[in-house]
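Here is a short report to read alongside the model. Keep the structure open as you go.

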Amino acid sequence: MTERTHKTIEQAEQEGKYIRKVRSFVKREGRLTKAQAKALEQFWPIMGLNHQDGMINPHTLFGNNNPLVLEIGFGMGKSLVEMAKNAPELNFIGVEVHRPGVGACIALAQEQGVTNLKVYEHDAIEILADCIPDACLAKVQLFFPDPWHKKKHHKRRIVQASFVEAIREKLQVGGVFHMATDWENYAECMLADMSSAPGYKNLSATNDYVPRPDSRPLTKFEHRGQNLGHGVWDLQFEKLG
Ligand SMILES: C[S@@+](CC[C@H](N)C(=O)[O-])C[C@H]1O[C@@H](n2cnc3c(N)ncnc32)[C@H](O)[C@@H]1O
């Protein structure tokens, strides 16, 4: 199990620990719509998870032992809610830093009667380290992460060796890390990072990308990319025993 050595970044820094300061996002204080604000107020106690509560117990959280899927950076949550609705035999946890997106996701999930989904409004790097037990995830989804196009910003990309290793620790043996991007250079870097990481097997028949699975609904960013004429690259890697 990952040892939980700190509660907040501030505490860890006070203890002299090295904390990654380059983040994969820039916090935008987008304004909440009335519906998003209402959903957050009304349904956070049912759907919301808090970083400061530490490690979760998936069994007690969902009241069953169904396989657990973690989605990182779900945006406005439309495709995540659709997936959760289509797969009641799975449990889902979404992590997103953008508050209006979290509000929109909760509002939609409630409207759709989805009960197998919980969400964090927090940096996924810290959620992985502090809240997700080792070897508990059947799947991790990372769809259209911010591509950080400019070379000088590539260090902000969430997919890098330390992240790939953190995901591997949290996956069960046989669990799958599924990524998709519409930015070719990011797809190539994802492929290089994943192929050189120990403990993973590429599920691609051609040892690179997989065909778009039917289980992945069109996401907002994918739709935008399509309108711009972008291609899409899906990668799926299985955790080896
Ligand atoms: C380009 S958007 C894609 C959103 C959605 N997956 C889609 O395809 O429509 C990337 C999202 O990842 C979120 N994000 C970036 N870094 C994150 C992190 N470290 N933890 C949680 N969310 C993050 C951003 O706030 C943003 O909403």
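## Starting point: T219

Where is the place of T219? T219 sits in the loop between β7 and α9. Helices here are DSSP runs of H or I with at least four residues, strands are runs of E with at least two, and both are numbered from the N terminus. With 23 C-beta neighbours inside 10 Å, T219 counts as buried. The burial scale, with C-beta atoms placed from the backbone, is this: buried means 20 or more other C-beta atoms within 10 Å of the residue's own, exposed means 12 or fewer, and partly exposed is in between. T219 touches G75, S79, F143 and F144, not counting residues up to four places away in sequence. Contact means that C-beta atoms, placed from the backbone, lie within 7 Å.

The model is predicted: local features need pLDDT of at least 70, side-chain atom pairs count only at pLDDT 80 or more, and totals for chains, interfaces and linings use all residues. Residues are numbered from 1 along each chain as its sequence is written.

## The sheet

The strands form an open sheet of 8, in the order β1-β4-β3-β2-β5-β6-β8-β7. Pairing is mixed. Two strands pair if DSSP finds at least two bridges between them. Strands of a sheet pair through backbone hydrogen bonds, either parallel or antiparallel.

Which strands stand at the edges? They are β1 (48-49) and β7 (200-202). Each has a single partner strand, so one side of each is left without a neighbour in the sheet. For β1, 2 bridges join it to β4 (residues 117-121), and the two strands run parallel. G48 stands opposite V119 in β4.

## Helices across the sheet

Helix α4 (residues 78-86) lies across β2 (68-72), β3 (91-96) and β4. Its direction is about 170° to β3. Axes are lines fitted to C-alpha atoms, for helices over the stretch in contact, and angles run from 0 to 180 degrees between N-to-C directions. Helix α5 (residues 99-111) lies across β3 and β4, at about 165° to β4.

Which residues of α4 are buried? They are S79, L80, V81, M83 and A84. Their cover includes β2, β3, α5 and β4. S79 is also one of the contacts of T219.

## Two sets of annotated positions

An unreviewed UniProt entry places "binding site" at E71, E96, D123 and D146. UniProt positions follow the numbering used here, feature names are shortened, and annotations may be inferred rather than shown by experiment. These four span 76 residues in sequence, yet no two of their C-alpha atoms are more than 14.3 Å apart, so they gather at one spot. D123 is in the loop between β4 and α6 (124-130). D123 is buried, with 21 other C-beta atoms within 10 Å. Leaving out residues up to four places away in sequence, D123 touches R23 and V97. D146 lies in the loop between β5 (137-143) and α7 (161-170). D146 has 17 C-beta neighbours inside 10 Å and counts as partly exposed. With the same exclusion of residues up to four places away in sequence, D146 touches S24 and F25.

UniProt (unreviewed entry) also lists K150, D182, T219, K220, F221 and E222 for "binding site". They are spread over 73 residues of sequence and also in space, up to 23.3 Å between C-alpha atoms. E222 is in helix α9. E222 counts as buried, with 20 C-beta neighbours inside 10 Å. Its contacts, leaving aside neighbours within four places in sequence, are F144, D182 and V232. E222 and G75 are 147 residues apart along the chain, and their C-alpha atoms are separated by 11 Å.

## Around the ligand

How many residues surround the ligand? There are 23, and the closest are G73, G75, A124, F144 and T219. A residue is near a molecule if its C-beta atom, placed from the backbone, lies within 6 Å of it.

β3, α6 and α9 (220-227) each supply at least two residues of this shell. The largest share, 3 residues, comes from α9. By class, the shell has 12 nonpolar, 6 polar and 5 charged residues. Ala, Val, Leu, Ile, Met, Phe, Trp, Tyr, Cys and Pro count as nonpolar, Asp, Glu, Lys and Arg as charged, and the others, Gly among them, as polar.

Key:
Two residues are in contact if their C-beta atoms, placed from the backbone, lie within 7 Å.
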